[in-house]
Each structure stands twice: as structure tokens, then as C-alpha cells.
Amino acid sequence: MTTMLSIGGLWKSFAGFVATRDVSFELLTGENHAIIGPNGAGKTTFFNLITGHLRPDKGNVSFEGRDLVGLPPQKIVRLGIARSFQRINIYPRLTVFENVQVALIAHEGQQWNLFRPGRSLHREGTQELLELVGLAPEALETAGELSYGKQKQLELAIALASQPRLLLLDEPTAGMSPQETGETIASVRDIVKARGLTLLFTEHDMSVVFGIAERISVLHHGEIIASGAPDAVRNDPEVKRVYLGEHAHG
Amino acid sequence: MPSHRQLIASAIVVLLLALIPLAGSRYAVDLTTEVLIYALFALSLNVLIGFTGNISFGHAAYFAIGGYACAILLTTYGWPLALALPAAVVLAGLVAAVVGFFCVRLTQIYFAMLTLAFAMLVWGIAFKWKEVTGGDDGLTGIKVPAMLTNHVNYFYFTLAVVSAGIAALWVICHSAFGLTLVAIRENSVRAGFIGVDTRRMRWAAFTVAGTFGGLAGALFGMYHRGMYIENAFWTESANVLIMVLLGGIYSFVGPIIGAAVLHLLQVFTNQYTPYWPTVLGLILLVIVMVLPDGLIGLARRVKARGGRS
């Protein structure tokens, strides 16, 4: 397998607090990779550094051989990286349908068309994506009024509309009930497989991770302390101490 | 494309407006002309506010530039209207593009303050550049084509230009561009990460708003046969902002309703009391407290309630 995303010596600090500490990381094309770590471990910062929402203090990020540092988010998404956000990130006053439609418009570069009616574009593509994530029945509802779990599904549809090769999901099941979590994981796994995507996701719930990830990296205080196959990571003494242990007691 | 119902409704409204001069009241004709001009002005501002989510406190600047430019070209340089009007509109758009270039680097209150600052600059130029703008005496005696000196003819001219302007804004606001602007208003971070250059899109929206604001200003100057520095003052920017808020920012027609209601209220209030600013304050209070989405929002809520019972 080839390396899709390669990160070396990445540092980021906020007013003296080090959120990312010398992180080096390789993501292989086609793998499902999870970043786990307790809240505050720096998972979201790590994603923001990849997607251009934050600029690293030091280090490099390259995607399929292309340097990403310094590129704005809207350029990075066009290279084939899409993401969902940990805090729900949709267009609350638009309909579910329009939420996805606008992403397809942007993907096709039609946002500069002042004459073609927006609502007539990409109707089939939008419908397909909504069916894929199971939101077709809610197409005409106002997105902000959907349940939490469905808004997460909508985010996934928006991300997929950018036709990514690499999908980054930031805590895809955060705030979900156990049943919703199971459904979401199954759905994500199927979609990723069907579309041949590479998946990198963060998660704090261990059971989710072992169900889907082929490789796991553990982030703790901004550092990657272990990386490898699920079983190896689970049995790593350092990981047990800082992460699994906390869960066992908490 | 607009639905058949929308097209028919708009045609009926334009037709009814076209019948107003038949009633024979000069007062009604003049009042309607003013409302039409303000409706276009308010709609142009709503491209920024309602569609893009950027509140401008300086929209009067483009209204004034359009008005002054058209007036100066007609009067000082003797250009024909067919050249002066488009040139004035393009100039307003160009200035909006230059100002917008800087403003869209900021967001929220900082954006609003910068639009205000540039608008005050425009006011300052109108005030100081006496030999061109007439300074605080205003630019009077604007030479409009003989055909338009008759108030009824000018009304029909305004009706035609405003209708065309509103139609153009409708197309823009409902285009792929317009839908993307709404996405930016709703969530600019997310819009950025579907591949939209949100800053450039906001810049374009700013330019569109300024262009159509300039068109409204040009109509205004010719209607009054004069432009005055008050037309560039921040109170004008506040006035059109209140029109937009009163009508409702989340609907296309809201600002038209807001412009009509606010302007008519002002005219009627002034007949009974000199305390229009007090009345305006009360209106603003009502909008903020109970009509956050304006009269259109209120109408929608009433309709929704009626439909349920």
C-alpha cells in the first residue's frame, strides 16, 4: 500500500499550551485508521492542522505527495479531503436537500453562476447521497430541526458530496445513543468500502474503534504514544496506563 | 425559474402599480415613485444582510455615489441618460468592489464598522469636493431628459427600471451563487470546507449590493432633481437597514414590504408630528423584541398557526 497522508514533526501550541507535540504519522491508502485519545488529547486540533483550519507552528503535512501547509481549507477540500466536524456543522436554516445540493454546486465550481437557478442543480446527485445516508425521507425538512443523530448523518452526506478520496470524521458518534452509534458505524463502514475511501476518524469510545479501524493511533497530551493494529494497541502497556485505565476506573 | 404563481402575482402587482396615475393624484404617484426607489435600495442591501449574513452600516455610500455620479454626468457633462445611468451604476459597483475588497477581510461588527467608516469617507468627499458635488448646498438643478420631467412619465420610468432591477436581483439571489451565499450566511466554516472561497463570494455579494444600491440612488437623484450630502450620511444607511429588518431578512420580498411600510409611515407621521425619530425608535424596538424576522416572518407564523387550527 502507498502512503496517502504523511505528517512529520508537527507542532502546534496555543498561548503556551502544547496541543500537538512532535507528531509524525503515516496514513496508508485504503485503510481505516482511528485516532483515539481522551477529551483534550488534541484530536480535533490534529484534524484542523490537516485541513488548513489551523496552521502548524512547525512540521509538514503532505497529501498524495502534495504539501498542504499554508493552503486554505477551500483548496484542501478540492484536493480530495473531506471532513465532518465534531460540533455539528450544517446549514440550519436550509433544507436537508439544500445542505447537500450546495456542496455539490461547490464541488462542480458552480457557485459563481449568477443565472442558473440553484435549486434545479444536482437534484439526482443530492437524492442519491441522501438515500446513501438514510435521509431521503427528511429531504424537505429544515436541517436545524433534525435530531442530533440525523444531523450527523447529514454532515456525512455533505462531506461525501465533495467526492473525497480521504474522509476525515471527527467523533462521528459523539453524543449518540448506543443504538445510533451502532447504526452509524455500520453505515460509515459500508459507505467507505463501497466508495473505496480512505478513512481517518477520531473517537473517544473504544468499542466503536475496534469495530471499524484496521489501525489505531493513540493521542495523549498532544503526542502519539502508540500506533498499530487494534490488538497490539490494546495490549500496549503505556496505552493501558494512560487511556484504557482511565476508562476502566471512570 | 420563479413558479407560475409568483410570476402571475408579480405581473399583477406591476400592473396595479401602473394604474396608480389613472387615479389622478399627483401625491399618490410621487409617493409610489419614492417607495419603488427605496424598495430597490433595501433589496440591494439585503443581498448582503439576508443572503450573505453581513451587516453593512454604510450602504448609503453606494446610493449616494450612484445618485451623484448620474447627476454630475447629466448636468455637468451633459451626457445622455442612456450613458449617464449605466455609467453611474458601474461606478457605484466599482467603488463597492474596492471598498468590499477591504471590508470582507473582516467579519461581524468589525465588518460593519469598516463599511461605516468608508461610507463616512464618501460623505466627507461629497461635503468637501464642492466644485464637483456642490458641497453642503447640494447638487441641484439636475438636467433630466425632457421626456422625464413630467412626474407621471418619471413614475413609469422608475417602475420599469425598478422592476427590471428587482427581477435581476431575484435571478441572482435564487441562482447557484445565491444559494451558496445563503450557505455562507448559515455556516461560513462549513461553506469553506465544501470548497467555497467564502471571502471572494462575500466580496462579489458586496459588489452586487453596491451596484444595485447605486441604481436606486441614480433614480432618487433624478426624481428629486438634486443630490444632498444627507443622502450619503450614516442615518440614510440606518434607515435602509431598518427597512430591511422591518420587512424581514429571510425572504426575498421582505425588504420591499419593509421599504413601503417604513417610508409611508414616515410620510404620514410627519404630517402629524415632528417626532419621527421617536416613532422610528419605537418601530426598531418592536422589530428587535417581537419581530426578529420582520413582517414577512410574522405573516408566515400567522399562516402556519391558521393552517394548524
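Mentor: In this predicted model, α3(A) passes α5(A) in a right-handed crossing, a crossing being right-handed if the near helix is turned clockwise from the far one by less than a right angle, and left-handed if anticlockwise. Local features need pLDDT of at least 70 and side-chain atom pairs pLDDT 80 or more, whereas totals for chains, interfaces and linings use all residues. Residues are numbered from 1 along each chain as its sequence is written, with chains lettered from A and ligands numbered from 1 in the order in which they are written.

Trainee: At roughly what angle do the axes of α3 and α5 of chain A cross?

Mentor: Axes are lines fitted to C-alpha atoms, for helices over the stretch in contact, with angles from 0 to 180 degrees between N-to-C directions; helices are DSSP runs (H or I, at least four residues) numbered from the N terminus. Here α3 (residues 96-107) and α5 (residues 148-161) of chain A come within 8 Å and cross at roughly 20°, which means that α3(A) is roughly parallel to α5(A) (angles under 35 degrees).

Trainee: Which residues make the contact of α3(A) with α5(A)?

Mentor: Contact requires C-beta atoms, placed from the backbone, within 7 Å. From α3(A) come V96(A), N99(A), V100(A), A103(A), L104(A) and H107(A), and from α5(A) come L154(A), A157(A), I158(A) and A161(A). Leaving aside neighbours within four places in sequence, A157(A) is in contact with V100(A), L129(A), L130(A), L132(A), V133(A) and L135(A).

Trainee: How many residues does the contact between chains A and B take from each chain?

Mentor: The contact takes 31 residues from chain A and 23 residues from chain B, where α8(B) gives the most to the side that touches chain A, with 8 residues.

Conventions:
Two residues are in contact if their C-beta atoms, placed from the backbone, lie within 7 Å. Helices (H or I, at least four residues) and strands (E, at least two) are DSSP runs, numbered from the N terminus. Angles under 35 degrees count as roughly parallel, over 145 as roughly antiparallel, 65 to 115 as roughly perpendicular and the rest as oblique.
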